[in-house]
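Here are a few exercises on helix packing, chain contacts and salt bridges. Have your viewer ready and try each task before you read its solution.

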Amino acid sequence: MSIPKIEVAGLRKQFGELVVLRDINLKVDSGAVVALIGPSGSGKSTLLRCLNLLVVPNGGRVRIGGDAFDFETGKALPRPKAQAKFRSNTGMVFQHFNLFPHMTVLGNVMEGPVSAKNMPKAQAEAIGRRLLAKVGLADKADAYPDRLSGGQKQRVAIARALAMEPEVMLFDEATSALDPELVSEVLGVMRDLAAEGMTMIIVTHEIAFAREVADRVIFMRDGVIVEEGPARDVIDRPQQEATRAFLSHFHTRG
Amino acid sequence: MYTFNFEMLWGYRWLFLNGTLVTIGLTAAVVVLGLLLGLVGGLAQLSRFAVLRWISWAYIELFRCTPLLVQLLWFYYALPMLTGIQIDAITASVLTLSLYGGSFYAEVIRGGVVSIEAGQTEAGLALGMTPAKVMRRIVLPQAVKRMIPPLMNQSIIQFKNTSLVSVVAVPDLLYQGQVAATDTFRPLEVYTIVALIYFVVLVPLTAIVKRGEKQLQTGH
């Protein structure tokens, strides 16, 4: 039994009076793909954002690879440099892409290595071009993001995150803002990544994709993990009434 | 019906030219100094240190919410009484106009920075960049584009604001106009000329600003 790549223990988060996450415990093995599903407001996006400290938890512990942080109310936050180092080990893909509009596609992909790792430009460019080829956008290297379709933007965003060579990739509803015909090109890239053994946590409403690609599915509601297990078990034979009710809104086997 | 007589003002052309140059020089000084103050004040508003936020807030509100003319008189007449240090009219004028302009620039700069979507900062942080680097590499380059039109606008206002320094006898365009008016008993002609000179200097500038705005909207 190897050590899990991601370990979350007793994680709590509240915004003012509103409790968003209550005592979340989670382990993800190296190379595993975990899908987080659940209704809006269930806390799944907040959980994902706690994993790279875009949201700072109120309590609990997060470990990714060799870096761990303990959170306590009243305790000082980790210093900005320590936070940056922690984040550089996780790649994050956002619902709305968040590409840098003032940089070319290649510039976007090079930005992490150059700015966060102080990598020489030539080396970062080589990595950038290789990753753009990998997501099928080598010919768009010199274009600006506003010339791309949504699906192309999201593939650039994935390449940008991969350029930091993270141990873990986090996907926050990566296909929710896309036109239906553009979803598959992004899911294709994610499927390839999973097949290469990348450790991934995916917040998604694509239940069929979760069933096919994820090893494990976690169903969340009201800030707690209601049910978790092998993807097909949870999706095809949910044990909890809440899970059943949620899944009844989807055609899971198209 | 009043008969205009501009001809007799020809003899005062050097006076007008001199005043115009003082006005332009004064504007250049207070725009540069004001922008520096505005950058410091605006970024301090966004600092994670409460003390800096508080100090810059006090500075900005103090100078935004009191009349420029009152500030000018205060710096020229009242400050020396408090400190015992006599400052000349030009120094008092540059100081006051820079601080006043800086308070407005600060709000423009702060507004430009916060207008950049939070997702841009998040994407930079998520890559592992430090907050300072995210500001420098991601946020400011985008924010500056949005700031330029309002900063230029504020600078145009500053150009006109310099006319107030005539009350403390700085020999700017308006002051020299007053000299010419008392000399010739022709205030109507004199102040028409003075207004025209301000207008002629500023109109080409506003045209440049407009063109710049258009380029910024389309370019990267």
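**Exercise 1.** In which hand, left or right, does H1(B) pass H7(B)? Describe the packing of the two helices as well.

*Solution.* A note before you start: this is a predicted model.

Step 1. Two packed helices are described by an angle and a distance, both taken between their axes. For helix H1 (residues 13-45) of chain B and helix H7 (residues 173-184) of chain B, the axes cross at roughly 160 degrees and come within 7 Å.

Step 2. Angles over 145 degrees count as roughly antiparallel, so H1(B) is roughly antiparallel to H7(B).

Step 3. The crossing in which H1(B) passes H7(B) is right-handed.

Step 4. Now pick out the residues. H1(B) contributes Leu15(B), Phe16(B), Asn18(B), Gly19(B), Thr20(B) and Thr23(B), while H7(B) brings Leu173(B), Gln176(B), Gly177(B), Val179(B) and Ala180(B). Sorted by class, the contact of H1(B) with H7(B) has five nonpolar, six polar and no charged residues.

**Exercise 2.** How do the residues of the contact of H4(B) with H6(B) divide by class?

*Solution.* Step 1. Locate helix H4 (residues 89-114) of chain B and helix H6 (residues 131-161) of chain B, whose axes cross at roughly 145 degrees and come within 8 Å. H4(B) and H6(B) form a right-handed crossing.

Step 2. On the H4(B) side, the contact residues include Leu97(B), Tyr100(B), Phe104(B) and Ile109(B); on the H6(B) side, they include Met135(B), Leu140(B), Met147(B) and Gln154(B).

Step 3. Sorting the contact of H4(B) with H6(B) gives 14 nonpolar, six polar and no charged residues.

Step 4. To place these helices in their chain, note that chain B has eight helices and zero strands. Its C-alpha atoms fill a box of roughly 70 × 50 × 25 Å along the principal axes.

**Exercise 3.** At what angle do helix H3 and helix H4 of chain A pack?

*Solution.* Step 1. Helix H3 (residues 105-117) of chain A and helix H4 (residues 121-134) of chain A pack at about 125 degrees, and their axes are 8 Å apart.

Step 2. That angle makes H3(A) oblique to H4(A). The crossing of H3(A) with H4(A) is right-handed.

Step 3. Among the residues that meet are Val105(A), Leu106(A) and Met110(A) in H3(A), and Lys121(A), Glu125(A) and Arg129(A) in H4(A). By class, the contact of H3(A) with H4(A) has nine nonpolar, one polar and three charged residues.

**Exercise 4.** How many residues does the contact take from chain A, and how many from chain B?

*Solution.* Step 1. Chain A gives 27 residues to the contact and chain B gives 19 residues.

Step 2. About 2000 Å² is buried between chain A and chain B, with carbon and sulfur atoms giving 62% of this area.

Step 3. Of the area that chain A buries against chain B, Phe100(A), His102(A) and Ser115(A) supply 25%, more than any other three residues.

Step 4. The count of salt bridges between chain A and chain B is two. One salt bridge joins the side chains of Glu111(A) and Arg137(B) (2.6 Å, N to O).

**Exercise 5.** Which parts of the chain does the pair Glu7(A) and Arg63(A) link?

*Solution.* Step 1. Over all chains, the whole structure has 21 salt bridges. The side chains of Glu7(A) and Arg63(A) form a salt bridge (2.8 Å, N to O).

Step 2. Glu7(A) lies in strand S1 (residues 6-15) of chain A and Arg63(A) in strand S4 (residues 59-64) of chain A; the pair links distant parts of the chain, 56 residues apart.

Methods. Residues numbered from 1 in each chain as written. Chains lettered and ligands numbered in written order. Predicted model: local features only at pLDDT ≥ 70, side-chain atom pairs only at ≥ 80, totals over all residues. Heavy atoms only, no water. Axes fitted to C-alpha atoms, helices over the stretch in contact; angles between N-to-C directions. Helix = DSSP H or I, 4+ residues; strand = E, 2+ residues; numbered from the N terminus. Parallel < 35°, antiparallel > 145°, perpendicular 65-115°, else oblique. Left-handed = near helix turned anticlockwise from the far one by under 90°. Contact = heavy atoms within 4.5 Å. Nonpolar A, V, L, I, M, F, W, Y, C, P; charged D, E, K, R; others polar. Buried area = accessible area lost by both parts, 1.4 Å probe. Salt bridge = Lys/Arg side-chain N within 4 Å of Asp/Glu carboxyl O.
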